[in-house]
Amino acid sequence: MTTPIADAETLLLVQANVATSLKVKSRDGDSIGTLHAMMVHKGTGRTTHAVLSLGGFLGIGKSFYAVPFELLKFEPVNDAYTVTVDRRLLEGGPSWANTMPVFDQAYADRVAGYYGTKGEVLREG
């Protein structure tokens with residue numbers, strides 16, 4: 001089941017939900033959650049952001065965090081992603097519990113500004 005990002009046709013990111021549970025670890029090796037979805041640019045096909053699911057129990061109380069994809073490192077041996085920033089920084093970042101925000105240029109800039117990464121330009125191609 002997909003979650004609509006917004007009704008506007010001008011948004012250039014599409015949410016690609018992850019079918020299987022991919023683990024996410026802190027840079028210290030602790031399990032902190034799962035990769036819920038990837039935000040993919042419709043024009044380039046490039047993954048720009050990851051949506052991480054952290055916390056909660058049996059689906060209750062979990063929060064979702066948008067993270068620039070460049071801050072994740074895949075480890076094939078563990079079949080898991082590692083977040084390359086401190087866990088406390090991640091947990092203080094842009095997040096939501098129920099309704100995903102509109103993932104437009106302003107939100108992408110907010111996420112990039114929080115993590116100190118180069119902002120994505122969300123325009124065609």
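This is a predicted model: local features need pLDDT of at least 70, side-chain atom pairs count only at pLDDT 80 or more; totals for chains, interfaces and linings use all residues.
**Strands, core and rings**

Colleague: What is the phi of Gly45 like, in the hairpin of E2 and E3?

Modeller: Gly45 has a positive phi near 80°. The hairpin holds five residues between its two strands.

Colleague: How much of E3 is buried?

Modeller: Eight of its eight residues. Buried means under 20% relative accessible area, exposed over 50%, and partly exposed in between (1.4 Å probe, protein chains only).

Colleague: What makes a group of residues a nonpolar core?

Modeller: Its members are buried Ala, Val, Leu, Ile, Met, Phe, Trp, Tyr and Cys residues, joined through side-chain atoms within 4.5 Å. The largest one here has 28 residues, and Leu35, Leu52, Val83 and Leu90 touch the most other members. Elements giving it two or more residues include strand E1 (13-25), strand E4 (63-68) and helix H2 (105-115). E2 gives the most, with five residues.

Colleague: Which residues does Leu35 contact, apart from neighbours within four places in sequence?

Modeller: Among them are Val18, Leu22, Leu52 and Tyr81. Contact means heavy atoms within 4.5 Å.

Colleague: Why is Thr82 called buried?

Modeller: Thr82, which sits in strand E6, has 9% relative accessibility, so it falls in the buried class.

Colleague: What makes the Thr82 and Glu75 side chains a polar contact?

Modeller: They come to 2.6 Å. The rule asks for a pair of N or O atoms within 3.5 Å; within protein, one must be able to donate a hydrogen and the other to accept it, and residues adjacent in sequence count only if both atoms are side-chain atoms.

Colleague: Now the rings: why is the pair of Phe64 and Trp96 called stacked?

Modeller: Rings of Phe, Tyr and Trp (its six-membered ring) pair if their centres lie within 6.5 Å; planes under 30 degrees apart count as stacked, over 60 as edge-to-face and the rest as tilted. Phe64 and Trp96 have centres 6.1 Å apart and planes at 25°, so stacked it is. The two sit 32 residues apart, Phe64 in strand E4 and Trp96 in strand E7. Phe64 is buried at 12%, and Trp96 is buried at 11%.

Colleague: What kind of aromatic pair do Phe69 and Tyr81 form?

Modeller: An edge-to-face one, with 6.0 Å centre to centre and 65° between the planes. Tyr81 is buried at 11% relative accessible area, whereas Phe69, at 22%, counts as partly exposed. Phe69, Phe74 and Tyr81 form one aromatic cluster.

Definitions and conventions: Residues are numbered from 1 along each chain as its sequence is written. Side-chain values use heavy atoms; hydrogens and water are left out. Helices (H or I, at least four residues) and strands (E, at least two) are DSSP runs, numbered from the N terminus. Two strands pair if DSSP finds at least two bridges between them.
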